[in-house]
Amino acid sequence: QLQHPSAEVREYACASISKLLQQKHVIPAFLQRDVVRCLGPLLMDHSLAVRETAAGALRNLSACGGFEVCDDMVTKDIMTPLVALLKECSTGLDTNQLSPKKCREMNKNYIEDIANEAINLLWNVCECNNTAVSIFNKEGCLEAVLHYMKKFSTNVDLAISVANCLQAVTEDNPDLLSSFNASAQHVLETVMLCPESTMKHILLRTLIAGTIWNIKDTIPPGSLGSMVNAILKIFSESLAIDAGETIIRMNEAEKNRLKLAAEPETEENMSDVIDNCVLSEDDDMEEIPKGKVRRENDISDLLPSDKWELKEVTALLMAQQTALEIIVNMCCSEDPSDDEWEELSSSDESDLFMENSYNEGGGLLMSPLCLSDEVNSAFLNNLIPKKILEKTAFPNSVALDICMHNPSWKPLIKKLNAVQCRALTCLHSILLVSDVDCLGGASALQSLAQHLSQLVFSKTELPTDTEFLEAITSALRALLQTMASKNISQCMTSEQLLALCEAGIHSSNASVRVNVVSILGISGSVLAKGQDTAETLKMIGKFLLEVAMKESSLVVAGEALDALFDVFADGKEAEKAAVQIKLLPALKEFQPVFKMRMRKEGKGQYSTDQLCVLDNVKMNLRRFIAYQETLGKTP
């Protein structure tokens, strides 16, 4: 049918394939029949309707197929017809070609519809495949893509697709930076300054702010401060909106609209519902922004065109999730370079570090990295830490209830949870790079510790959701580390700590397991400095020893050993507990086992960074045993 002389038959075939490709299990069968090479040429078909449905089918394939399928699409040379289509659409964008069928329906610009599908396909393959990004650079696609962005005032959905694509192609792509000349930057700035207040426009501005952060190296140094401030102002506006309240309000608006639609329509009652719901002229578009391939795998086309309230909420949650992810990047980009890390992890430095920590009781806590002044002051001016904290709370129970009982709104639950997890990850990053005073001082950190404890312990059962557990334990780890380094008293009880660690150590996620043993190490090292803590230290020591000896992942076992070094590095209570749990003989017996495991499992299974850390642990284990032996000889 794809080869049929009739354009209508070809269009029908593309539409049928497009629908089928939304079911993941049928994708392999289509790939075996070379669907990419069959659909690719149709991107340049004489019929505009065929072009649109072919682009839609390929877009669905790229979104549902994931990385491997996108790689296969690039290998099968999907980029050649796709780039040709994008450039041709860009040239014809202002000629307003309409198909008779679409004229009757909505009078929409046919070329913009094709472009929207094509841009989404481009976004998906570029996000998954570096060759696609290289072709994007080499073929000068940026100019064509930015041309579509100029339509943002009349077609916000097309602009959102472009903004998603731009954010993906500008990430870690220095070769593209030279293409961002003054006129390209002007297009982005114009969109950032658009005053529209619909949720879709908030999403659009958030995505553009993310793109501008990615190309910050093209901004003159004198403008950097104001640029960072403008970006964080947009994020602040997006995070300030209460998603739960928005769901409640929009759900009510949908009910009213459907009730009115059931009554005989009059101009008066239609204008009422539009006033109530702040409907923008673009909101009846077919598309809504879809999440990144690696994040969401949404197929936006599945949302019917009349679900505009749901689309608005979806856009808001995507905007908040995107803002939080970019804030994490803003914190991470302040990390020391690899060279600096190598200097820190070189054997002389780590030897000295260990000796200082044991001889002077300094603990094994690194001082936190610092944000640049521009980013730090912009964070505080825009109340970013406060807004992130608000987003870490559990989603509104009334809003959750609405989503639970409404099948088309149910997917929002996953998005609400994603926002909470991203906020916790964000909190973790900010704790690592911010000064305690900037965060509100000791009392603010203690309140935060209580808030995080409540998130873990407020329900009858401890959380089991892996993504949430990883995010909450990362945030707790960073917080307890900050509090310990500033001698701020910690508020979690030892019972709570051990309960969290018991739950976390059985997680299938190695990061969760690393976090919980690290949390125990930090808390134990604080307890070791106190009075009458030997009993608790014994429990912590036994737990960490068992993890070190039985853990399947060497990285987690290494972290457990590190935590033991922290807890038993110093203090009379620690010495007493170490003797009672027979720490020294246990570690002496375990030392050759750990060395052998490193020899057998180290190669191939772990990254260079992980092996470097494990080498340090192995050396520190030898030093720690020597240190414990000297304690035993001391009269």
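Helices (H or I, at least four residues) and strands (E, at least two) are DSSP runs, numbered from the N terminus. By this numbering, S453 lies in helix α24 (residues 441-457). This is a predicted model, in which local features need pLDDT of at least 70, side-chain atom pairs count only at pLDDT 80 or more, and totals for chains, interfaces and linings use all residues. Residues are numbered from 1 along each chain as its sequence is written, and side-chain values use heavy atoms, with hydrogens and water left out.

S453 has a relative accessible area of 8% and is therefore buried (buried means under 20% relative accessible area, exposed over 50%, partly exposed in between, with a 1.4 Å probe and protein chains only). Not counting residues up to four places away in sequence, S453 touches S458, C491 and M492, where contact means heavy atoms within 4.5 Å.

V83 belongs to helix α5 (residues 79-92). V83 is buried too, at 5% relative accessibility. Neighbours within four places in sequence aside, V83 is in contact with I135, E139 and C141. V83 and G140 are 57 residues apart in sequence, and their C-alpha atoms are 9.4 Å apart in space.

Helix α17 can be checked for its length. The expected span of a helix is 1.5 Å times one less than its number of residues. For the 25 residues of α17 (residues 308-332) this gives 36 Å, and the end C-alpha atoms are 36 Å apart, which agrees. Of these 25 residues, 22 are buried, so α17 is largely enclosed by the rest of the structure.

Next come the aromatic rings. A pair of aromatic rings is described by the distance of the centres and the angle of the planes. Rings of Phe, Tyr and Trp (its six-membered ring) pair if their centres lie within 6.5 Å; planes under 30 degrees apart count as stacked, over 60 as edge-to-face and the rest as tilted. By this rule there are 4 aromatic pairs. In one of them, the rings of F565 and F624 have centres 5.0 Å apart and planes at 35°, so the pair is tilted. This pair links distant parts of the chain, with F565 in helix α29 (residues 554-567) and F624 in helix α32 (residues 608-633), 59 residues apart. F565 is buried at 0% relative accessibility, and F624 is buried at 0%. The rings of F590 and F594 also form a tilted pair, because their centres are 5.9 Å apart and their planes are at 45°. F590 and F594 are 4 residues apart in helix α31 (residues 583-605), so about one helical turn separates them.
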